Amino acid sequence: MNAEASFDLELVRRYDQAGPRYTSYPTAPQFKAGFPLARYLEELEASNGDPLPAPLSIYIHLPFCTNPCFYCGCTRIITRDQRRGLEYLGLIEREIALQAERFDADRSIEQLHLGGGSPNFYSPEALAQLVETIGRHFRLAPPDQREFGIEIDPRLVNVRQLAELRAIGFNRVSFGVQDFDPAVQQAVNRRQGVEATLELITAARELGFRSINTDLIYGLPKQTTAGFDQTLDHIIGARPDRIAAYSYAHLPDRFKAQRRIHADDLPGPAAKLRLLAQTVERLTGAGYRYIGMDHFALPDDELSRALDNGGLQRNFQGYSTHAHCDLIGIGMSSIGEIGDVYVQNQRALPLYQDALKRGELAIDRGLVMDSDDRLRRCVISKLMCQGVLDIGAIEERYQIRFGRYFAASLARLTPLVADGLVQISNRQIEVTPNGRYLLRSIAMCFDAYLHGERGDKALEAVRYSRVI
């Protein structure tokens, strides 16, 4: 997927359908409630027993925010009460201890990511204590092998606090921006100054953060191409290592805060596509590589290198590196992946809290992959992360005849081949440069659950956001 991509607006419009984001396969709607803890522990023990046990990645969900952003669909708690936040950290520490006692001591933490919510709802001192707790219960990889990232609300941090976070050991930082246009900010209840945000990006670079990301959103209320062009000017000028440009999914029936957004203020489908085209053209024109599915990175960033060396993965944080790690999810609603098992914690704080106070892990939902899941996960991951699938290698690894096994999938792929999104030969399936903008549509062709191939009724598309 190294060739230069072009953006065909009409082609993208034709495939603008609802579908999964494939942060996992099977996707989260397939997770079953009441997942047995014993099955998770069994898989964990098996992973400990591997001849070369995988290193570990930890995701910690910190759900607190001081103000509601109306576009947000995350699991979050709005409060200014720091006591509530500290009580939650106490639960997090209990969960860390419960998880750690079940992993062999020689399995090191290579990757840590704090997401939310707004992790910097907490003071640097509180976050330092959290990292120290992880270090007491797990073995941390040497500093030069760690990727420790944190999501930051720029409105809640200053340069001094940013320096303190760097001193704690965080070497990746992601700043939420979305849009600098004052009209958009007012419509989504997120007022944020341009100069203060750009100062933080500059300071992060000077402080030695290894990778700096900024988040943008297109499709927000009151958004225009002229206004968003100015936002892109500011971001391109600041030159962060990565940029995530997400599509706003307006799902007010699922996310209460979005009911505060007036539907009449949202850009229509054609206008939203123009915003996407503008974003792609501006960022690729400024030297960013399109990694896939909302993500852009400079050529020397770790994400770009992972795309080239096969280390790129998709998980519940989007595109990421360290595909070789087992993932431990900590905190309410967080998702972990150990071997063939996905598990998700209780999504309601009282239920999460009750489990931890009983001295139990707070696992609620989960799924054990079978042989078909593992095969399709591999195929979807190869296409979405490397852009090419070696058919012979898949046949040898899984002992199948590819054409026979995936006959229905290949039939669904036929119109995408005709439209130049995918090329198929006897040896491989390759995503074309144009196809890179429609990876979700390509992956959907191989999703057995989506098309009712598992014996269940096909999943309703309304569960998912639109591809664009």
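**Rings, core and a helix**

The charged end of Arg166 sits over the ring of Phe209, at 5.8 Å from the ring's centre. By that I mean NZ of Lys or CZ of Arg within 6 Å of the ring centre and within 35 degrees of the ring normal. Arg314 does likewise with Tyr319, lying over its face at 4.7 Å from the ring centre.

Some ground rules. This is a predicted model, where local features need pLDDT of at least 70 and side-chain atom pairs count only at pLDDT 80 or more, while totals for chains, interfaces and linings use all residues. Residues are numbered from 1 along each chain as its sequence is written, and side-chain values use heavy atoms, with hydrogens and water left out.

Now ring against ring. How many aromatic pairs does a search of the whole structure find? It finds 13. Rings of Phe, Tyr and Trp (its six-membered ring) pair if their centres lie within 6.5 Å; planes under 30 degrees apart are stacked, over 60 edge-to-face, and the rest tilted.

Phe64 and Tyr88 form an edge-to-face pair, 5.5 Å centre to centre with 80 degrees between the planes. Phe64 lies in strand E3 (residues 64-65) and Tyr88 in helix H3, so the pair ties together parts 24 residues apart in sequence. Helices (H or I, at least four residues) and strands (E, at least two) are DSSP runs, numbered from the N terminus. Both Phe64 and Tyr88 are buried, meaning under 20% relative accessible area, where exposed is over 50% and partly exposed in between (1.4 Å probe, protein chains only). Ring pairs also link Phe64 and Tyr88 with Phe121, Tyr122 and Tyr352 into a cluster.

Staying with H3: this helix covers residues 82-100. Its buried residues include Gly85, Leu89, Ile92 and Gln99. At its start, a side-chain oxygen of Asp81 comes to within 2.9 Å of the backbone nitrogen of Arg83.

Gln99 also turns up next to Tyr40, which touches Phe35, Phe103 and Ile338 among others; contact here is heavy atoms within 4.5 Å. In the largest nonpolar core, of 125 residues, Tyr40, Ile60, Phe138, Phe402 and Phe446 touch the most other members. Such a core is a set of buried Ala, Val, Leu, Ile, Met, Phe, Trp, Tyr and Cys residues joined through side-chain atoms within 4.5 Å. A second, separate core has 11 residues, among them Cys69, Tyr71, Val188 and Ile217.

That is the tour.

Key:
Expected span 1.5 Å × (residues − 1). Polar contact = N/O pair within 3.5 Å; in protein donor to acceptor, adjacent residues only side chain to side chain. Lists of a residue's contacts leave out its neighbours within four places in sequence.
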